[in-house]
Amino acid sequence: MKGKFFTFEGPEGAGKTTVLEILMKDLEKSGIEAVFTREPGGIQIAEKIREVILNKEHTEMDSRTEALLYAAARRQHLVEKVIPSINKGKHVFCDRFIDSSLAYQGYARGLGIDEVFSINEFAINGFLPDVTFYFNIDPKAGLQRIANNAEREKNRLDMEDLSFHYKVQEGYQQVIEKFQDRIIIIDADQPVEEVVADIKERLRKHIDL
Ligand code: TMP
């Protein structure tokens, strides 16, 4: 039996990372074989690409270069980690995937959702998530959470102004419409335990929790 592929999306500071940490511990306790990973990153080559993309000094980076680097990191992570884990029967939980590129590069950077989808089609070769959880929160509240979290390092995209983050949210709305059958909207503006409970309830349809 193959594992399932779950991805987690949303604006900055939506709480995905915290929720995924709790889920990981809960699934471990239940003896469920799962792999928790992130994009860009999750394996050595993609973590190196992440450093290049998110480095605050790289202010000259062109938007298409940025989109291509995310797609390159995605490809390597997919073939080196995600697909082999799924083939071994493990469920994969990934913090961000293709929808981030569609919302951030496609819409907010203005490259076009369809254009960015097409370069990503080359990278993923038809491999889409079974389910995507979209963490719905006002970008302003998300950025406030980041500002209050001293441990979290600010990256190049966090430095963008509020209007960029509102554009990301608009981009996600279009992506959600495009992939209604795959994307589930989660209210991320509630206590973390509630967010975890909502996700677990949805997950029960796919895995024995
Ligand atoms: P995060 O690990 O804090 O989510 O940081 C990753 C950043 O990269 C975040 O600002 C979202 C951005 N991003 C894109 O713009 N496009 C992508 O395809 C991915 C995966 C992330």
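Biologist: How far is a polar side-chain atom of R50 from an oxygen atom of the ligand?
Modeller: The distance from that R50 atom to the ligand oxygen is 2.9 Å, which falls under polar contact (a pair of N or O atoms within 3.5 Å; within protein, one must be able to donate a hydrogen and the other to accept it, and residues adjacent in sequence count only if both atoms are side-chain atoms). Bear in mind that this is a predicted model, where local features need pLDDT of at least 70 and side-chain atom pairs pLDDT 80 or more, while totals for chains, interfaces and linings use all residues. Side-chain values use heavy atoms, without hydrogens or water, and residues are numbered from 1 along each chain as its sequence is written.

Biologist: And what about R74, how far is its polar side-chain atom from a ligand oxygen?
Modeller: For R74, a polar side-chain atom lies 2.9 Å from an oxygen atom of the ligand. In the side chain of E12, an N or O atom is 2.7 Å from a ligand oxygen.

Biologist: OK, how much of the ligand does the protein bury?
Modeller: The ligand taken alone exposes 480 Å², and the protein buries 94% of that, with areas from the Shrake-Rupley method and a 1.4 Å probe.

Biologist: Which elements give two or more residues to the shell around the ligand?
Modeller: Those elements are α2 (44–54), α3 (63–87) and α4 (98–108), and α4 gives the most, with 4 residues. Helices (H or I, at least four residues) and strands (E, at least two) are DSSP runs numbered from the N terminus.

Biologist: How many residues surround the ligand, and which are the closest?
Modeller: There are 15 of them, and the closest are E12, Y70, R96, S101 and Q105; near here means a heavy atom within 4 Å.

Biologist: You named R96, so where is it found, and is it buried or exposed?
Modeller: R96 is found in the loop between β3 (91–95) and α4, and it counts as buried because its relative accessibility is 14%; buried means under 20%, exposed over 50%, and partly exposed in between, with a 1.4 Å probe and protein chains only. Phi of R96 is near 80 degrees, a positive value in a residue other than glycine.

Biologist: Which value does phi of N125 have, and where does N125 lie?
Modeller: Phi of N125 is near 50 degrees, again positive in a residue other than glycine, and N125 lies in the loop between α5 (113–124) and β4 (131–136). N125 counts as exposed, because its relative accessibility is 63%. As background, most residues other than glycine have a negative phi, and most peptide bonds are trans.

Biologist: Speaking of peptide bonds, is the one from E39 to P40 cis or trans?
Modeller: The bond from E39 to P40 is cis, with omega near -15 degrees, and P40 lies in the loop between β2 (34–38) and α2.

Biologist: Switching topic, what does the side chain of D95 contact?
Modeller: The D95 side chain makes a polar contact with the side chain of K16, at 2.7 Å. D95 is found in strand β3 and, at 10% relative accessibility, counts as buried.

Biologist: Last one: how far apart in space are M24 and V35?
Modeller: C-alpha to C-alpha, M24 and V35 are 8.3 Å apart, and they are 11 residues apart in sequence. M24 is found in helix α1 (residues 16–29), where it is partly exposed, with a relative accessible area of 35%.
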